[in-house]
Amino acid sequence: MLVSLEAKLINRKYLDSVKELVKPHTPQYCYQCAKCTSACTASKVIPEYKPHLIVALTRMGLIKQLLDSGIIWACTECWKCGEYCPQNVAPVEVIIALKNLAVASGYRPPEDLIAMARNVIELGRISPPIEVLSKEFEIYSRESLNLPPLVRPYAHESMRKTLKDLLGGL
Amino acid sequence: MVKVLLYLGCTIPTKQYAYEISARNVLPRLGVELVEFPEAGCCGFPLKGINKNAWIYMSARILSLASMRNLPILALCNGCDTSLRKIKTLLNEDESLRKYMAKLLANEGIELHTDVEVYHVVDLLHDVVGVNKIKELVKKPLTGIKIASYPGCHLLRPSDIPRPEDSVDPRKFDNLLSALGASVGYYPDKGGCCGATMLPYSAKYALRVVAGKIKNIKEFNFDAVSTSCPYCMEMLDAKQDAARSEVGDESISIPVFYLTQLIGLAIGLSPKELGLSLNLSPVEGVLEKLGVSLSG
Amino acid sequence: MGERFEPRIVVFACNWCSYAGIDLAGVSRIKYPHNVRIVKVMCSGRVHPEMVLKALVDGADGVLITGCHPGDCHYISGNYKTMRRYLLLRKLLRQLGLEERVRLEWISASEGDRWAKVATDFVEHIRRLGPLRLKEVMSAE
Amino acid sequence: MGEVRIGVYICHCGKNIGGVINPSRVAEFASKLPNVVVARDYMYMCSSPGQMLIEEDIKRHNLNRVIVAACSPRMHEPTFQGVLKKAGLNPWLLEMVNIREHVTWVHEDVPDKAEEKAKELVYAAVMRAQHLYEITIHRLPVVKSALVIGGGIAGIRAALDLANAGIKVYLVEKKQSIGGKMAQLDKTFPTLDCSKCILTPLMVDVARHPNITIYAYSEVVDVSGSAGDFKVKVRLKPTYVDWSKCTGCGYCTERCPARAPREFDEGLGTRKAIYFDFPQAVPRRPVIDPKYCLWFTKGICRACEKLCPVGAIDFNQKDRYIELNVGAIIVATGYELYDMTKLREYGYGKYKNVITGLQLERLSDADGPTKGKIVRLSDGKEPETVAIVLCAGSRDEKHVRYCCRFGCAAAIKHVYYVKHSVPEAKVFVLYTDIRAFGKGYEEFYQRLRGMDDVYFIRGRPAEIFEAKDGSLIFDVFDSNTGQLLSIKADLVVLESAVVPPKDWESLRRMLKISCDPGGFALELHPKLRPFETTADGIFLAGAIQGPKDIPDTVAHAAAAAAAAIGFLSKGEVESTPYLAVVNEDLCSGCGLCASVCPFDAIEIKEEGGRRIAKVNVIRCKGCGACAATCPSGAMQQNYFTDTQIVSEVSALAGGAK
């Protein structure tokens, strides 16, 4: 498919907000050696996931098609790309910025992540304490294991408010 | 004796109980006094994809709460450790970010402070408690068991902030295992990733990551794996069966222990004191070699 | 709101390192505030304390002396002399309450980016201090 | 000089200046300043019509000061000084104003402020120009000899060129033999001639040349004096062999029982404790390595002493020092490989079968540790698969920022080595860009990529791991095919980044020349004067100015030699225009000036019953430290008098009226 580099595709606003979010890393310095993809955990199991391509699309301003695909959520945040990038571009930082941008522009992150975020807002943790099964199918809980009960975080009410503001209308 | 705030994070106190149990029973015996830190919630690590500032805010909160207690933080989870150290660095380097966070926290009566020491179990035991001290306490050495240390990504990277382990050549974890009498060794990609963060995107692919890891370790003839991260444990241990079926390879089977569990076994604690019945991987063989049984 | 205060800053730059470094900022198109005015000398060791005082008296809000990094002086030890002279000058400036107005910085021929940072920082620093107006004070007396 | 008559010229420099500020308005402003007779602007002042314009103005308006506001004086000051000279004016009546590098190139976002700044700079120049005066240049004779530091191909070529031009040359080499890195290479790209076959005849020429004296196993420890008259102290390290007696028969090196790692083989092979660097060594005189010699380590043996037919062994030798007097110095100290253990993700130093390109040269060389067989270092087996990694540490913000300039061509050559030694081997070349820029390089690249089982993969491995059998496994994303490839290789060759030699920094400080951000010697101009330095009489040859391949090194060295020959054959050197000058009426003879002079250029002399400072125009380099120290203002510096500087400072501090 031919991609036309029209003004609406090269969306400077997107690019500028990514640049702002990833400072002091500079995605424009990328020279496509793809060392990031050679290192990438996700690339080894998801062939279409390529950090160097994400950086290339980002610096071209072709961010919309990237966000539409949802591929950015496959990143395991293992930070290998950031560690080895010869130009200090740190693709992982670019990808985190893109995720933020996606959410801010109305894209929906994976449902499990939304659930975690809601729990953090409401309970202060990504999940309530759950009951677990041992190998012998015995059920254990914090109580039965004699672990102290969990309490809400300090100043939970105000934290809840701040977090809701930051995380938007999830 | 070193006194620290026991910072549990999210996964450990809601799901990975074995880590909490073993840490609570083992660490005091090594001279680490654990002080409860119940008012600390999530470090924000899972939120950074949605909003980076939410992540920074949550960690800034923990750092500030800890500095009110005037004690160092002990993070059990790799994710928490990375968050706290990374955000500490960010806030110390970026004046405007610091001002912004200070304002958010001031709304809820918290004064922003970042001058607090952060430890993870691995560097606390290796650098503060010391390998020799641990060696002295060993009653049942893990002789003859070859254990693969699995430090996990966020013990090592990003290396531009202070990390518990060396990013390319992690040694501390192995030094601790050696102190227990176990044999250790090289295997490719020791600093590799368990794939846990990929779970919300795709469980299928995340399971393939962990299957690959276990295959790798088995090729180098290890008897067991040890980790110090609840996410890695969740992937390597709890999801081991699922990973095996996902790739259809029966050889994917290996016992997985928390570092704290292995230390506990070596200093003579019972499986119950270490929550060992909660490990879902086949740990029985190793326990048998050590002459302990799950029920005992 | 009045207009933003635009400080007037005189910079002494040695020919071999600092002047070349400042040129490099130009060649690399690295932007920095326009407030700096460069006076070229062959070596920072040529800068007499009286020249610094003269700049302040005649209307400069700040003075920056720049030279080669220690050990790199084209004339072997000129920058060490500058450093010693600068320390003495600071003592005098302290008594006059002017020590914040004068700085000594090392800029090598390859540090165009560092020069831009030094210039930006110093202009901001002087801007925070506000105008000096020594000239007005002196002429009023 | 009577009435001051100033001409002011504002250059547009095309759009470089004219695109940001309005030069006509600046000229208009200048025309109203004190003693300005004429003020003009022009598109390119440095062009010949531009120069002519000034020259004609000088004559027509009887100008005796000229101000040119244009680019940096570091660029065109000599050009415009030439114009003054041509028009019969002393060149030091010129004043340049830098409105390009210091104004329009850095303030283009605020054009109004830029123009205001340009005007103020011109104003300050006019105020300063009132106090300019004619400066006399003194001329001094030069010593017609040269020192070449470093005996690699650059030093060899420079030394031969100088010597052939009739100049006495001293060649100082820190190792036992001259030859440098080129001697370690098996073959050279793109022609694949045997490296030593083309190098050793030149080494022999150097040894035989009546105008060249080699000081091998020696190092420069002090440099004083100045262009045309340097005094250089050289340390001759103890070789424990009296080279004047030694005939180079080599019997000692054959019979010595002690072995040491062979530096020439990059640590792979071994040599004796008494050794030549390599068989064709020049000079053919061995040295004893006291770190491994049994006499020095255990107090036994002395076999060499007993066996030497001419009694040349001398265990009591100490450091010896000689002093050389030369007119010019050529720096040809070459490069070193970046320490590959720092690129930790590739495991060099940890995995036996990860080697550097230079180590592969040694494996491929018939004189190397494997007699020319390429093998795995872990078990000596022939490799079935070899991976060559380019840009190992180069173009990397965490390691070396710049390109090594020969890794690509070397890698292509290394493909040839492997295929030549093990024809059935598979070779993977992992590149980011193939920069085959030199003459014949692209053709060479084409030839090699046409070979069977040679795979050029556009990608860079991130982490290399060791498999159980000692081979290496890694993943690399190939952007040509869009595939992530998993590769298992028996041998990994790293084409390492290139850095200046470790001991270069101290020599650089002795020579008082600047360095670039990579630490290499800074040339006078990157394009126009790449083999000269800011220090007169000191020239650069080869990779010490920046990484170079052999053809470029040789061209650079020959150019440096030509520049040095030009400098030496002029027969005289000019004093600096920025001389210290004494107003003898004011001088009290206190001697403070002499105490701060770094060049011993000032003496306090008795004259007419009082003490007066006297400046030696040969030694004075024009730093002005004395002028800044003089308590009475008697000591001044040409072109930078107190009055000149203060009038400029005062004008800049007060702003244009």
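**Conventions.** I worked on a predicted model in which local features need pLDDT of at least 70, side-chain atom pairs count only at pLDDT 80 or more, and totals for chains, interfaces and linings use all residues. Residues are numbered from 1 along each chain as its sequence is written, chains are lettered from A and ligands numbered from 1 in the order in which they are written, and side-chain values use heavy atoms, with hydrogens and water left out.

**Entry 1: interfaces.** I looked up the contact (heavy atoms within 4.5 Å) between chain B and chain A, and found 65 residues from chain B and 57 residues from chain A. The buried area (accessible area, 1.4 Å probe, that two parts lose on being put together, summed over both) is about 5,300 Å² for this pair, and carbon and sulfur atoms give 65% of it. On the chain B side, Tyr17(B), Ile50(B) and Tyr201(B) lose the most area to chain A, together 14% of what that side buries.

I then turned to chain C and chain D, where 50 residues from chain C and 53 residues from chain D take part. These chains bury about 4,300 Å² between them, 60% of it on carbon and sulfur atoms. In chain C, His34(C), Arg37(C) and Arg46(C) lose the most area to chain D, together 16% of what that side buries.

**Entry 2: helix 2 of chain C.** Helices here are DSSP runs of H or I, at least four residues, and strands are runs of E, at least two, numbered from the N terminus. Just after helix 2, Gly59(C) takes a positive phi of about 130°.

**Entry 3: Val97(D).** I located Val97(D) in strand 4 (residues 94–98) of chain D. Val97(D) counts as buried because its relative accessibility is 5%. Leaving aside neighbours within four places in sequence, its contacts include Ile67(D), Cys71(D), Leu121(D) and Ala125(D). The C-alpha atoms of Val97(D) and Tyr455(D), 358 residues apart along the chain, are separated by 57 Å.

Note on methods. Buried < 20%, exposed > 50% of the residue type's maximum accessible area, 1.4 Å probe, protein only.
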